[in-house]
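Q: I would like to learn how to read a protein structure feature by feature. Could we go through one together?

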Amino acid sequence: MPWQGIPLEESIPVCERGDTFSVDEIKLIEKQTSPPDYLTEAELITLMEKHGIGTDASIPVHINNICQRNYVTVESGRKLKPTNLGIVLVHGYYKIDAELVLPTIRSAVEKQLNLIAQGKANYHQVLQHALDIFKRKFHYFVDSITNMDELMEVSFSPIAATGKPLSRCGKCHRFMKYIQAKPSRLHCSHCDETYSLPQNGAIKLYKELRCPLDDFELVLWTSGARGKSYPLCPYCFSNPPFRDMKKGMGCNECTHPSCQHSLNSLGIGQCVECDSGVLVLDPTSGPKWRMACNKCNVVVHFFEHAHKVQVAQESCDVCDASLVAVDFNKTRTPLPASETQHTGCVFCDPVFQDLVELKHATMRHSMYRGGGGRRGGRGRGRGRRGNAKKPKDKMAALAAYFV
């Protein structure tokens, strides 16, 4: 076992109590910590036995399989060095379903097999149970296969060198590349991280603004001039920061209490068609201002040619929607008596009712249609927007302009 031997320069001479030694040299050596060495076959077998994976007969077969499939290579000292393929596969499995690479599931199956051998478990029941588990995992893996494709393409195809710089990474502050090939995504070559994006639309930088949670630059997704658009944080889109958020949500569904891009700051009121959506002001839509439902494809156009549109802190006494402050240009104001500024409810204020037009966004894919998901509205007064009323006069006013 030469790999466990002590090098000659580290060996200690034979000495007894009372012996004296002269100091020949004193020096200070500066080094850096190094990562653990690769596992040897013997160490891997020890770990497999510790976690209850395999038997004396099957363990060598497992090790031989990962060598033949080029997941690892055998280096000097019988060390198993993972290949690029093996590393990508492990990261991909861990990203989709960590139990596919952790020893827990395999160890549990081995324990059940031992119970069968001891006559304490039924063979057919254990078999069916194991098949059901892995069948469900297989279907879930297939549904999430794009995550594996992203890792494979970045590591094994020229796509890692393609794409154009778009927004800055919040970790290293270098530019991430926007890869347009489906599924479109952002890739940081320095951090070796890939971030998912909404599909079937265009992506561009959003005013070089940053997410207050992770410092990633925001990007703007749009489905076209007649469609919807909303900003999103690439990191939050793949890693929801709050419990009531799911993967794939943009800033128009983020419940951050103070961010200027979140649902709390730009949400106006409950959607007029679906029960789960909230109408959110699109701050990039001026001068043809609009608000769009963050669940379905409803778009409400209002206050065309307004100089500024802002969501106020106050709420409507009738429908509980947030009031909107509008500032028109002096030469193009539609307000009575040539007024340029007015604050009121989009749905209930008689001054605003003639300036509101309900439409449906033009979407490129059916996945963006329909509601579902979290109920509610803006975060101020937790849950208050979710119980907003739908007065008949509001519905009638919007239906009159339905296209």
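This is a predicted model: local features need pLDDT of at least 70, side-chain atom pairs count only at pLDDT 80 or more; totals for chains, interfaces and linings use all residues.

Q: How many helices and strands does the protein have?
A: Helices (H or I, at least four residues) and strands (E, at least two) are DSSP runs, numbered from the N terminus. By that reading the protein has nine helices and 17 strands.

Q: What share of the residues is buried?
A: A residue is called buried under 20% relative accessible area, exposed over 50%, and partly exposed in between, using a 1.4 Å probe and protein chains only. Of the 403 residues in the protein, 40% are buried.

Q: How should I read the two faces of strand E5?
A: In a regular strand the side chains alternate between the two faces of the sheet. In strand E5, residues 185-188, Arg185 and His187 lie on one side and Leu186 and Cys188 on the other, and all four are buried, which leaves both faces covered.

Q: Which strands are joined to E5 by bridges?
A: Two strands pair if DSSP finds at least two bridges between them. Strand E4 (residues 175-179) runs antiparallel to E5 and is joined to it by three bridges, with Lys177 opposite His187, and a hairpin of five residues connects E4 to E5. Strand E6 (residues 193-196) is also antiparallel to E5, through four bridges, and here Arg185 stands opposite Ser196. E5 and E6 form a hairpin with four residues between them, and Asp192 in that turn has a positive phi of about 55°.

Q: Which residues are linked with Lys137 in a network of salt bridges?
A: Side chains of opposite charge can pair when their charged atoms come close. A salt bridge is counted when a side-chain nitrogen of Lys or Arg is within 4 Å of a carboxyl oxygen of Asp or Glu, and the structure holds nine of them. Asp97, Glu99 and Lys137 are linked in one network. The closest N and O atoms of Lys137 and Asp97 are 2.8 Å apart; this pair links distant parts of the chain, since Lys137 is in helix H5 (residues 123-143) and Asp97 is in the loop between helix H3 (84-96) and helix H4 (104-117), 40 residues apart. Lys137 also meets Glu99 at 2.7 Å, N to O.

Q: How do I describe the rings of Tyr195 and Phe216?
A: A pair of aromatic rings is described by the distance of the centres and the angle of the planes. Rings of Phe, Tyr and Trp (its six-membered ring) pair if their centres lie within 6.5 Å, and planes under 30 degrees apart count as stacked, over 60 as edge-to-face and the rest as tilted. By this rule the count comes to eight aromatic pairs. The rings of Tyr195 and Phe216 have centres 5.2 Å apart and planes at 75°, so the pair is edge-to-face. Both Tyr195 and Phe216 are buried. Trp221 and Tyr230 form a tilted pair, at 5.2 Å centre to centre and 40° between the planes.

How values were computed:
Residues are numbered from 1 along each chain as its sequence is written. Side-chain values use heavy atoms; hydrogens and water are left out.
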